[in-house]
Amino acid sequence: MRHPPGHEDDHPGREVTGARRRRAWPLALVMHLLATGAALADERALRQGREVFARYCALCHGIAGDGAGPAARLHKPPPSDLRSSARSDEYKELIIKVGGEAMGRSGGMPPWRQELSEQDIRQVVAYLRELKGRP
Ligand code: HEC
């Protein structure tokens with residue numbers, strides 16, 4: 001729809017209010033987008049972590065992370081119950097990268113740095129944080 005010529009000049013007051021409003025809302029919008037963006041990024045990272053886990057880890061550690069995957073009985077010591085692990089995120093990242101043997105533990109825990117990117121590993125560790133304490 002086209003405004004008749006001279007429309008702006010007819011309503012100078014309206015322009016002033018509009019300008020003030022234009023200055024105020026971007027900050028609120030930016031804050032909102034930042035918060036939503038961060039929440040969405042977290043959610044995406046977790047979803048990707050869950051996918052990595054289901055694909056590469058659940059065979060031994062179980063889909064619930066309880067250490068009771070279909071291949072668990074082939075391992076002694078058994079795959080760890082990742083819901084109740086007392087290890088730090090840094091330790092987990094490391095053992096996921098280099099495997100159990102390089103950490104003086106069982107070689108039943110394979111090294112993953114050939115298969116998984118740094119980001120995959122960070123995301124799967126973030127997912128393990130989510131599993132923590134689950135029944
Ligand atoms: C082939 C079986 C197998 C697969 C697949 C496997 N793990 Fe393991 N994992 C083990 C075993 C066995 C241990 C226990 C090693 C030990 O106690 O010496 C272990 C231990 C761990 C630990 C140490 C936990 C703690 O509290 O000490 C972490 C973390 C871990 N695995 C994460 C993963 C992740 C993440 C994946 C997928 C990327 C994965 N594992 C895939 C067998 C496996």
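This is a predicted model: local features need pLDDT of at least 70, side-chain atom pairs count only at pLDDT 80 or more; totals for chains, interfaces and linings use all residues.
Trainee: How is pLDDT read, and where is confidence in the chain lowest and highest?

Mentor: pLDDT is the predictor's confidence in each residue, from 0 to 100. Here the chain averages 88, and 84% of the residues score at least 70. Helix α1 (residues 7-10) is lowest, at a mean of 50. Helix α3 is highest, at 98.

Trainee: How many helices and strands does the chain have?

Mentor: Elements are DSSP runs, numbered from the N terminus: helices are H or I, at least four residues, and strands are E, at least two. This chain has four helices and zero strands. Along the sequence the pattern reads α-α-α-α.

Trainee: How do I judge burial, and what share of the chain is buried?

Mentor: Count the other C-beta atoms within 10 Å of a residue's own, with C-beta atoms placed from the backbone. Buried means 20 or more, exposed means 12 or fewer, and partly exposed falls in between. In this chain of 135 residues, 15% are buried.

Trainee: Which residues make up the largest nonpolar core?

Mentor: In soluble globular proteins, nonpolar side chains tend to be buried together. A nonpolar core is a set of buried Ala, Val, Leu, Ile, Met, Phe, Trp, Tyr and Cys residues joined through C-beta atoms within 7 Å. The largest one here has 10 residues: V52, F53, C57, C60, L82, I96, I121, V124, Y127 and L128.

Trainee: What does L82 touch, leaving out residues up to four places away in sequence?

Mentor: Contact means C-beta atoms, placed from the backbone, within 7 Å. L82 touches H61, G65, G67, L128 and L131. For the whole chain, take contacts between residues at least 6 apart in sequence: 44% of these join residues at least 24 apart.

Trainee: Which residues come nearest to the ligand?

Mentor: A residue is near a molecule if its C-beta atom, placed from the backbone, lies within 6 Å of it. Of the 24 residues around the ligand, C57, C60, S85, R105 and M109 come nearest. Helices α2 and α3 are the elements that give two or more residues to this shell. The largest share, five residues, comes from α2.

Trainee: How does the shell divide into nonpolar, polar and charged residues?

Mentor: Ala, Val, Leu, Ile, Met, Phe, Trp, Tyr, Cys and Pro count as nonpolar, Asp, Glu, Lys and Arg as charged, and the others, Gly among them, as polar. The shell has 14 nonpolar, seven polar and three charged residues.

Trainee: Where does P77 lie, and why is P77 classed as exposed?

Mentor: P77 lies in the loop between α2 and α3. P77 is exposed because it has 11 other C-beta atoms within 10 Å.

Trainee: What kind of peptide bond joins K76 and P77?

Mentor: Most peptide bonds are trans. The bond joining K76 and P77 is cis, with omega about 0°.

Trainee: Where is M103, and what is M103 in contact with?

Mentor: M103 sits in the loop between α3 and α4. M103 is partly exposed, with 14 other C-beta atoms within 10 Å. Leaving aside neighbours within four places in sequence, M103 is in contact with L94, I95 and V98.

Notes. Residues are numbered from 1 along each chain as its sequence is written. Two residues are in contact if their C-beta atoms, placed from the backbone, lie within 7 Å.
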